[in-house]
Amino acid sequence: MPVDNHIALWYNPGMELKEEILTRLYGGEASGEKLAAELGVTRAAVWKAVNALKRDGFDIAASTNKGYRLRPSDVMCAAGVRHFLTEGWEVEVLRSAPSTNDIAKARAAAGADRYAVIADAQTAGRGRLRRAFFSPGGAGVYLSAVVRPALRADECGRITAYAALAAARAVEALTGADVKIKWVNDLYLGGRKICGILTEGGVSMEGGTLEYAVVGIGINVRRTVFPTAVADVATSIEAETGVAADRCELAARVLDELAGLEEGIKSPGFAEEYRRRSCVIGRTVTVNGEFDALVTGIDDDCALLLERGGERMKYSAGEVSLKLS
């Protein structure tokens with residue numbers, strides 16, 4: 001597959017060796033001699049690569065008797081994500097990208113499946129309705145995954161809802177926190193937003209079926225000073241729970257959950273879990289900035305049910321934006 005401009009910005013000739021060394025160090029301690037023999041390079045090349053990894057922010061200890069040992073480091077890397085994964089994904093990690101969704105869509109158009117791109121920072125991250133998503137370096141998990149579930153076009157609205165469940169489960173597994181969902185695509189902790197989701201896809205015009213979906217998930221992990229425009233509504237996992245979650249492990253847990261997307265969407269408990277996690281049912285919300293209504297429920301297709309002055313309304317994900325009153 002040709003390297004596009006996004007990836008070329010961060011490619012260097014030693015990257016493959018560094019990644020191979022990282023993969024082995026995630027598995028445990030290894031001497032320079034052992035690494036050199038396994039990778040078919042000189043010990044000097046291993047030493048040079050290890051020092052380059054240290055400059056990248058990895059905490060690697062060296063012992064005369066035991067060799068190299070990787071200590072906890074808050075660096076997003078493909079080797080780290082793969083170490084925690086239990087499902088099969090092709091994973092690519094970039095230091096920075098304009099938008100991971102745009103990269104994933106290009107890969108999907110080229111035929112990719114079970115592919116995920118993760119950026120340590122985004123310069124043009126976006127959410128629903130093309131709203132900007134604040135994506136500073138070293139502070140979050142910004143990933144986009146290509147999936148190809150066998151779904152009809154009219155079932156695609158459930159993908160975003162399932163992605164919200166996937167991210168909520170992943171955060172909950174690492175923190176123990178009760179993660180809520182603000183319909184349809186935002187995760188909340190302590191009454192404020194920690195995650196946004198943007199799903200895009202391609203549909204067969206002839207068959208009316210989904211060709212692929214790109215699920216973009218941005219999670220605020222570290223304590224962060226947010227822009228004034230979102231400071232009152234945004235927060236992070238660390239700020240709300242005190243847990244310094246491993247970003248590589250969090251990304252891996254999200255992907256493991258997304259691996260079961262097709263089966264999960266069709267499972268009987270999917271909509272019920274989504275309703276259980278809802279932070280809008282029974283509350284008054286402002287719809288599209290135009291009027292207030294009471295949320296009376298969420299149906300099995302994850303459409304929003306509202307009531308206003310005795311009038312009942314139903315909205316799908318693409319039709320409405322909500323503000324909690």
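In what order do the seven strands of the open sheet stand? Reading across the sheet, the order is E3-E4-E5-E9-E8-E7-E6, and the pairing is mixed. Keep in mind as you explore that this is a predicted model.

**The whole chain**

Let us step back and look at the chain as a whole. It has eleven helices and 14 strands. Along the principal axes, its C-alpha atoms fill a box of roughly 75 × 45 × 35 Å. A compact globule of 325 residues would have a radius of gyration near 20 Å, and the chain has 21 Å, which agrees.

What share of the 325 residues is buried? Buried residues make up 51% of them. The chain exposes about 15200 Å², and carbon and sulfur atoms supply 49% of that area. Contacts tell you about the fold too: among those between residues at least 6 apart in sequence, 63% join residues at least 24 apart.

Now back to the open sheet. Its edge strands are E3 (90-94) and E6 (180-182), and each of these pairs on one side only. On average, neighbouring strands here are turned by 20 degrees against each other, direction ignored.

Strand E10 (residues 284-287) pairs with E11 (residues 291-298) in the antiparallel sense, over four bridges. Thr286 has Asp292 in E11 as its bridge partner. The hairpin of E10 and E11 has three residues between the strands, and Asn288 takes a positive phi near 55 degrees.

Which other strand is joined to E10 by three bridges? That is E14 (residues 322-324), which runs antiparallel to E10. Here Val287 stands opposite Leu322 in E14.

The table puts the described pairs side by side.

| Strand pair | Sense | Bridges |
|---|---|---|
| E10 (residues 284-287) and E11 (residues 291-298) | antiparallel | four bridges |
| E10 and E14 (residues 322-324) | antiparallel | three bridges |

How values were computed. Residues numbered from 1 in each chain as written. Predicted model: local features only at pLDDT ≥ 70, side-chain atom pairs only at ≥ 80, totals over all residues. Heavy atoms only, no water. Pairing = 2+ DSSP bridges. Helix = DSSP H or I, 4+ residues; strand = E, 2+ residues; numbered from the N terminus. Axes fitted to C-alpha atoms, helices over the stretch in contact; angles between N-to-C directions. Rg over C-alpha atoms; globule rule 2.2 N^0.38 Å. Buried < 20%, exposed > 50% of the residue type's maximum accessible area, 1.4 Å probe, protein only. Contact = heavy atoms within 4.5 Å. Areas by Shrake-Rupley, 256 points an atom, 1.4 Å probe, with all protein chains shown as cover.
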